[in-house]
Amino acid sequence: MKVIVTGATGQLGKAVIESWQSVPTVQLYPYSEEDFDITNESMINKYVTRGFDVLLNCAAYTNVDCAEQGSAAAYLVNAEAVKKLAIKAAQAKLKFVHISTDYVFSGLKQTGYTEDDKPEPINEYGRSKLAGEIFLQKYCSDYLLVRTAWLYGGEGLNFINRVRNHDGKKEPLRVAKDQIGSPTCATDLAFVIYQLLKQKATGLFHVVSQGQASRLEWAKAITDYLKLDVDLQGVSSNELAQGIAKRPKFSCLDSIRLEKTNVKKIQDWKSALYSFLKSTYLS
């Protein structure tokens with residue numbers, strides 16, 4: 001299986017490379033966003049060609065607040081580029097694996113969102129990702145669309161590193177107590193995507209860790225396990241200066257379609273978190 005990986009230096013891209021490169025039946029062709037700019041049509045025509053089996057798009061515009069201030073950049077990467085990739089993947093007969101987000105939902109539901117729930121994004125980032133989903137399904141019939149949530153890995157600007165970077169500081173770390181979601185490890189997500197590809201799965205899947213947590217509960221689990229000196233202060237989203245974009249307050253995803261496959265769901269969020277923290281920071 002020859003796999004083109006875009007956004008290979010991001011959290012998921014790195015996790016894919018680290019966990020798939022030892023699989024003898026997989027041949028990876030990873031590209032950073034600098035090497036393969038998915039908004040550049042000539043690069044798409046150069047790299048997405050016949051002879052490959054899978055195009056895994058890990059590239060995305062993820063700055064929620066910047067998207068709210070100027071949505072053009074977000075739509076260029078998350079929607080228009082996906083459209084061009086989908087058209088080219090269909091022409092080259094590649095399976096197109098694309099990653100989307102819980103932010104396509106409003107957060108008004110009180111139970112987990114399933115693949116059958118209607119997306120209703122409340123910010124420009126979510127709207128740009130939904131537009132990408134629509135283009136994918138319109139222009140490429142052989143696709144795997146994976147929605148995930150609250151993704152974390154070893155590097156970059158993620159929630160875990162935000163908490164870790166506050167270790168020893170005198171001022172409290174203000175964390176939302178009313179935002180509920182599904183913290184998900186990038187390595188676990190990479191494993192499930194590979195298993196879905198092995199089973200030749202198509203269509204839309206929600207892939208997240210089992211269970212749910214508030215941002216505050218997630219932060220407390222991190223500080224307790226790593227024994228960090230962080231004064232956590234739980235506040236409401238309205239009190240928290242998060243930026244200009246609205247965040248969904250409840251965006252847990254239910255993996256209903258995954259349960260109908262032979263692929264195991266990811267373990268509960270806290271066990272997955274502890275395993276990640278141990279291997280990344282304590283080994």
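**View 1. Lysine 227, in the loop between α8 and β13.** In this predicted model, lysine 227 sits in the loop that runs between α8 (215–226) and β13 (232–235). Have a look at its backbone: phi is positive, about 55°, although lysine 227 is not a glycine. Is this residue buried or exposed? Lysine 227 counts as exposed, because its relative accessibility is 72% and the cut-off for that label is over 50%.

**View 2. Tryptophan 150, in the loop between β5 and β6.** Here is another residue other than glycine with a positive phi, this time near 45°. Tryptophan 150 belongs to the loop between β5 and β6. Its relative accessible area is 8%, and since buried means under 20%, tryptophan 150 is buried.

**View 3. Asparagine 123, in the loop between β4 and α5.** Asparagine 123 lies in the loop that links β4 with α5 (124–139). Setting aside residues up to four places away in sequence, what does asparagine 123 touch? The list is Val64, Glu68, Tyr103, Ala245, Lys246 and Pro248. For a sense of scale, pick out isoleucine 17 too: asparagine 123 and isoleucine 17 are 31 Å apart in space, C-alpha to C-alpha, and 106 residues apart in sequence.

**View 4. Asparagine 161, inside helix α6.** This asparagine has its place in helix α6, which covers residues 159–164. Asparagine 161 is buried, with 9% relative accessible area. Not counting residues up to four places away in sequence, asparagine 161 touches Gly154, Glu155, Gly156 and Tyr281.

**View 5. Where α1 packs on α7.** These two helices cross with their axes 8 Å apart and at an angle of about 60°. The crossing of α1 and α7 is right-handed. On the α1 side, the residues that meet α7 are Gln11, Leu12, Ala15, Val16, Ser19 and Trp20. Their partners in α7 are Ala186, Thr187, Leu189, Ala190, Ile193, Tyr194 and Leu197. What kinds of residue make up this contact? Sorted by class, there are 10 nonpolar residues, three polar ones and no charged ones. A handy thing to know when tracing a helix: an α-helix has 3.6 residues a turn, so residues three or four places apart point the same way.

**View 6. The buried residues of α1 and what covers them.** Staying with α1, which of its residues are buried? They are Leu12, Gly13, Ala15, Val16, Ile17 and Trp20. The cover over these buried residues includes β1, β2 (27–30), β3, β4, β6 (151–152) and α7.

**View 7. Isoleucine 193 and the largest nonpolar core.** This core has 32 residues, and the members that touch the most others are Trp20, Leu56 and Ile193. At least two core residues come from each of β1 (2–6), α1 (11–20), β3 (54–57), β4 (95–101), β5 (143–148) and α7 (186–198). Which element gives the largest share? That is α7, with eight residues. Zoom in on isoleucine 193 and, leaving aside neighbours within four places in sequence, you find it in contact with Leu12, Trp20, Val97, Ile99 and Val146. There is also a second, separate core of 31 residues, with Ile4, Tyr31, Ile44 and Tyr61 among them.

**View 8. Aspartate 188, also in α7.** Aspartate 188 is found in helix α7. Apart from neighbours within four places in sequence, aspartate 188 is in contact with Ile266, Gln267 and Ala272.

**View 9. Stepping back to the protein chain.** Along the principal axes, its C-alpha atoms fill a box of roughly 55 × 40 × 35 Å. Buried residues account for 53% of the 283. Of the contacts between residues at least 6 apart in sequence, 83% join residues at least 24 apart.

Key:
Residues are numbered from 1 along each chain as its sequence is written. This is a predicted model: local features need pLDDT of at least 70, side-chain atom pairs count only at pLDDT 80 or more; totals for chains, interfaces and linings use all residues. Side-chain values use heavy atoms; hydrogens and water are left out. A nonpolar core is a set of buried Ala, Val, Leu, Ile, Met, Phe, Trp, Tyr and Cys residues joined through side-chain atoms within 4.5 Å. Buried means under 20% relative accessible area, exposed over 50%, partly exposed in between (1.4 Å probe, protein chains only). Helices (H or I, at least four residues) and strands (E, at least two) are DSSP runs, numbered from the N terminus. Contact means heavy atoms within 4.5 Å. Axes are lines fitted to C-alpha atoms, for helices over the stretch in contact, and angles run from 0 to 180 degrees between N-to-C directions. A crossing is left-handed if the near helix is turned anticlockwise from the far one by less than a right angle, and right-handed if clockwise. Ala, Val, Leu, Ile, Met, Phe, Trp, Tyr, Cys and Pro count as nonpolar, Asp, Glu, Lys and Arg as charged, and the others, Gly among them, as polar.
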